[in-house]
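Trainee: I would like a close look at a single part. Please take the lining of the pocket and keep it brisk.

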Amino acid sequence: MVSRRLFLFSIGLGAAAVPALGAGTPFLNVDLRGAIDASAHGVRPGGDDRKSKAFAKLLRDAAAKNLPVYLPPGDYHVSNIELPDNTRLTGVPGATRILYGGGGHLFAGQDVTSVVLENLVIDGGNRWLDETVQGLVHLGGAREVRIENCEIKGSAKSALYLERCGGRIDRNRISGAADFAVYAIESSGLSISANTIMECANAGILVHRWNKGPDGTIVSGNRIAQIAATKGGTGEYGNGINIFRADDVMVTNNHVSHCAFSAIRANAGSNVQIAGNTCLNSGETAIYSEFGFQGAIVNGNLIDGAANGILIVNFNEGGRLATVTGNVVRNLRLEGPYVHDGAGFGFGIAVEADTVVSGNTVENAPKYGLMLGWGPFMRGLVVNGNLVRGTPVGCAVTVVEGAGSALISGNIFEETPQGAIAGYRWNERATGELSDEPERFAHITIERNRTG
């Protein structure tokens, strides 16, 4: 039965078609005023993908009239659909299913102003996608994308591929992508929020740029789990959230678990904020800010289970300028997903240049709680007010010639049987307990720490 309100409303629309909702159909939280009912234009559920041409024509006609298209519940088998500018396609959540028929691509749109997809199930069926697309939904140059409340699954490549796009990717459930869940490259004003991403083969959310520069994407409130790294490597794949060459990105309040490599990895991303995230059971380093970046805030994150906790590194490649404050890092391990030829695994927080490390708690790190510098690569470190406990060495600091300054002040080191603070030459221990000889190295100031 159509509700009285919707019936009266549809009369007022005149010729514009409003879908009749069947008994038991859930209320749609969308504005259907003026929507074209696809079934009235020969596009109905069932059958194979021979209706793809009618489906594509319906989208073109509706876009030209500035009208949304409503798909009633059912299965729609379509292929090779080019999304026109001003596409607005909506259905019934969980009941309107778009099934890829194979033979090329599903949805693609290039240099369009606006595309809206909402309340749809988009199922790729793990079918082959041709070389013209990189995702089940492939958009390029779309200034205002809105993909909301959709379930997107079974892509043979990425689920969503967005190049030079802005807009919102919000409240979707994405699973089973053979590559990445969301690949956003060269974005402008993009928000990726409140999505659930599960069981993807190589990454969850990627925010990338061809060349380093401003991006400004916001990645917030997503739940990401069970991300593999089927392409291998040493961190290029297998990350829950990956920032590459994209500046001014915010990664906040996400829940990321069981990733083959990092929960959150920022590579050459300046002015990145990584705050308020929960990172559980990472295969390698839980939170990374690495290589050519200037400016990183890593604040208020919880890390439980990883090979390393937080790394702010690669001063030799221009990585510098950060704050690491108020994080909890615990239950780390010595083993990682590959054989490490550098510092290895098993430490809580490692930093190198122009960085403040304050108010953090590190517990159960099997190598070092804190690691300051690497060889000669250390400069301008302030390390104060941290609690480190249950780790062989509380703080490992480089004493290699040419290393810059470090202030280690007002920290508490408990249950550190091999020393609270010790000097290292790369991986080799070079000193005894430096708390007992705080003035031994001119580049290091050690004061007011409590050990026990």
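Mentor: Strands here are DSSP runs of E with at least two residues, and helices are runs of H or I with at least four; both are numbered from the N terminus. The model is predicted, so to speak plainly about limits: local features need pLDDT of at least 70, side-chain atom pairs count only at pLDDT 80 or more, and totals for chains, interfaces and linings use all residues. Residue numbers start from 1 along each chain as its sequence is written, and side-chain values use heavy atoms, with hydrogens and water left out.

Now the pocket. On a 1 Å grid over the protein atoms alone, a pocket is an open set of points where a 1.4 Å probe fits, with protein on both sides within 12 Å along at least five of seven lines. Lining residues have an atom within 4 Å of a point. Volume is the space filled by probe spheres set on the points, which are joined across faces, edges and corners.

The largest pocket has a volume of about 680 Å³. Its lining counts 33 residues, and Tyr288, Glu290, Phe291, Val313 and Asn314 are the closest to its centre.

Which strands each supply at least two residues of the lining? They are S19 (203-214), S22 (239-247), S25 (264-267), S28 (285-290), S31 (308-312) and S34 (347-351). S34 gives the largest share, three residues.

The lining has 15 nonpolar, twelve polar and six charged residues. Nonpolar covers Ala, Val, Leu, Ile, Met, Phe, Trp, Tyr, Cys and Pro; charged covers Asp, Glu, Lys and Arg; the others, Gly among them, are polar.

Now set the pocket in its protein. There are two helices and 46 strands. The C-alpha atoms fill a box of roughly 85 × 45 × 30 Å along the principal axes. Of the 452 residues, 56% are buried, meaning under 20% relative accessible area with a 1.4 Å probe, protein chains only. The protein exposes about 17700 Å², and carbon and sulfur atoms supply 50% of it. Those areas come from the Shrake-Rupley method with a 1.4 Å probe. Take contacts (heavy atoms within 4.5 Å) between residues at least 6 apart in sequence: 61% join residues at least 24 apart.

Notes
Buried < 20%, exposed > 50% of the residue type's maximum accessible area, 1.4 Å probe, protein only.
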